[in-house]
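I had a new model to go through today and kept notes as I clicked around. Here is what I looked up, roughly in the order I got to it.

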Amino acid sequence: MNRARSFALIGALVATIPLAAQNSNSSKSGESYLGTTFSVEGKDISDGCNTKQTVLDKNGQPKTESKPLKELVPGCLTPMFHGNKGLYPSFTNLPPGNGLGLGAALKDSELNTTRFPSWRFDYQIDAQGSFKGSWTAGGFLTMKLAPTKEPRAKSTSQLAAGATPSGTPATPVNPDKPTHWLHPPIVSQGPIPKRLPNLGKNETKLLLNVYAFHTSLNQVTFFGIGPDTVPAARSFFGLRETVTGANADVLLPWGLHFLGELNGRWPTIGPDHGQSSPSIEQVYTEATAPSLTRQPGFLQPGEGLQFLHHGGGLGENASFGAAYDLDWTANFQQFFAPTISTYSFRRLTIDATNEIHFKTRFKPKKSGSTSEESKDVSSTSQAQGTLQLRGWMSESVVPAGHVVPFYFQPTLGGGDIDKERTLASYADYRFRAPNALLFRAQFEQPLPKYSFLGLVFRADSGKVGVNRGDLDLSHLRHSYGAGFTIRADNFPYLIFMYAWGGAEGHHTFADVNLSAISAGGGTASLW
């Protein structure tokens, strides 16, 4: 199947959902689907950016007061740039060297059609381009098998009876709006979906993503292959890749998830002249950069197993405590090149991410309320920072006589092709090889009065290897970083960091992501 047919297939599939939504529960009577979509978006922005809010006083009576800044900023940013339904502007970094991407995203993550009562749908169509001539465009459709019983929102009377005074919004939850489990998956960068929190115990048990996208990058850096390359070996190339396929997440017992994917990949490598360093074909050959002169299409299935577990917390009488999240994943992918079989290989990726969330107790303002909700432990706890400990390894299994194309090899140093920062004090794409190893410790601390602002500290150690046996603990590269973040609903809008360490100086970077595009988009990565 060629690229044009792939896009046509996905476009037709995505287009059927808005048509089906004409009979959805969320559409107003007599109003078109798009009309409802834009009216909901406008109302969400108006409510989020309103500087005033209605709260209940200590007597349970509504009153109007100014919205605190720590609620106003994230409350306004989220519906403007990362809402659930509408047409949103997009301002986000493309992969390193390709500039700031400007564009738009049309999405609906609150779609509930009466034609398919057992399924919930999310879709997204987006396109972005930079002044450097690089661009990306595509779309995906997410299908979720609904639980047997849909969570019910609190009624107006229930909310009023349980509302806490002094700062609790008096506006009730709209029972007609989809509940939280209908929101899109949060997928971190990686070959297949890594974190899908909406697959909970009483929530969706099966999630399917169908997608197609094309990425055109005019500037990617190549220093050669192996751990001992030098900065003077730098060259540049252009990368175009079309990916179309599907992936799935199936909830299993004991916190386990089965992950699967099937992708078609069509990469193209081109020159990049006019830079401060030569174009790749002027320095490297097929022997030193495998698949430089020929890029076949790839059929790429994959299977994985993920373990998610949440535990701990703040005890009822404790003044300090911690919750933790375990996210351990093992993925196995196969890359088949039917027309040039010597480029076929397999890859094993293991990622163990452990997060500890520290919490402290604080005394809420005194009031005359005796409601059960005001006595809830969670209403008197405050986040005091998150410690992340991560180990990541990618190994390539290469048959005799075969090679791994250089553009499918993982990189460490600066940012990679999927915009993930590792060994950030080094140049982007600095170390490249078929095998890679990374260890990370990171601590992020929200500011007490402005929780949407946070300080972040990071330490990375890692290396790449031409052979699997090269991935040991000797001769690791090190990098350290400190900076700040701006977040809303745990979505990072800005990360600014100064990184140092290693023998090649320091590196300052700012990653901007004012975008409605879901992280990772539920799709496959470029490598």
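My entries on salt bridges, backbone, contacts, cavities and surface follow.

**Before starting**

I am working with a predicted model, so I read the local features with the pLDDT limit of at least 70 in mind.

**Salt bridges**

I began with the charged pairs. Side chains of opposite charge can pair when their charged atoms come close. My count came to 10 salt bridges.

I picked D351 and R390 to start with, where the closest N and O atoms are 2.9 Å apart. D351 is in strand 12 (residues 345-361) and R390 is in strand 13 (residues 381-397), so this pair ties together parts 39 residues apart in sequence. I checked burial as well, and both D351 and R390 are buried. What else is linked with D351 and R390 in a network of salt bridges? I found E420 there, joined with D351 and R390 in the network.

Next I went to D511 and R421, whose side chains meet in a salt bridge at 2.9 Å, N to O. D511 belongs to strand 20 (residues 507-514), while R421 sits in the loop between strand 14 (411-412) and strand 15 (431-432), so the bridge ties together parts 90 residues apart in sequence. I noted both D511 and R421 as buried.

Are R430 and E504 buried or partly exposed? I get a relative accessible area of 1% for R430, so R430 is buried. E504 comes out at 30%, so E504 counts as partly exposed.

**The loop between strand 14 and strand 15**

I stayed with this loop for a while. K419 is placed in the loop, and K419 has a positive phi of about 70 degrees although it is not a glycine. I flagged that because most residues other than glycine have a negative phi. K419 is partly exposed, at a relative accessible area of 36%.

D416 is in the loop between strand 14 and strand 15 too. With a relative accessible area of 10%, D416 is buried. Which residue did I find 6.9 Å from D416, C-alpha to C-alpha? I found P95, which is 321 residues away from D416 along the chain.

I then moved on to F431 in strand 15. F431 counts as buried, at 2% relative accessibility. Its C-alpha atom is separated by 6.7 Å from that of G226, although F431 and G226 are 205 residues apart along the chain.

**Another positive phi**

I also made a note of S291, where phi is near 75 degrees, a positive value in a residue other than glycine. S291 is found in the loop between strand 9 (256-271) and strand 10 (298-313). At 0% relative accessibility, S291 counts as buried.

In strand 10 I looked at G313. I have G313 down as partly exposed, with a relative accessible area of 30%. G313 and A323 are 10 residues apart in sequence, and I read 4.2 Å between their C-alpha atoms.

**Cavities**

How many cavities of 30 Å³ or more does the structure hold? I get 5. I went into the second largest cavity, which has a volume of about 110 Å³. Its lining includes D416 again, along with V220, F237, L239, Y407 and W527, among others. I sorted the lining residues by type and got 8 nonpolar, 2 polar and 2 charged. R432 is one of the lining residues as well.

**Surface patch**

I finished on the outside. L69, L447, Y450, L455, F457, F484 and F496 form a nonpolar patch on the surface. Together they have about 580 Å² of accessible area. I looked at L447 individually and placed it in the loop between strand 16 (435-446) and strand 17 (453-465). L447 has 30% relative accessibility, so I noted L447 as partly exposed.

Notes: Residues numbered from 1 in each chain as written. Predicted model: local features only at pLDDT ≥ 70, side-chain atom pairs only at ≥ 80, totals over all residues. Heavy atoms only, no water. Patch = residues over 30% accessible without salt bridge, like charges linked within 9 Å, V, L, I, M, F, W, Y side chains within 5 Å. Areas by Shrake-Rupley, 256 points an atom, 1.4 Å probe, with all protein chains shown as cover. Salt bridge = Lys/Arg side-chain N within 4 Å of Asp/Glu carboxyl O. Helix = DSSP H or I, 4+ residues; strand = E, 2+ residues; numbered from the N terminus. Buried < 20%, exposed > 50% of the residue type's maximum accessible area, 1.4 Å probe, protein only. 1 Å grid on protein atoms, 1.4 Å probe; cavity = no way out; pocket = protein on both sides within 12 Å on 5 of 7 lines; lining within 4 Å. Points joined across faces, edges and corners; volume = space filled by probe spheres on them. Nonpolar A, V, L, I, M, F, W, Y, C, P; charged D, E, K, R; others polar.
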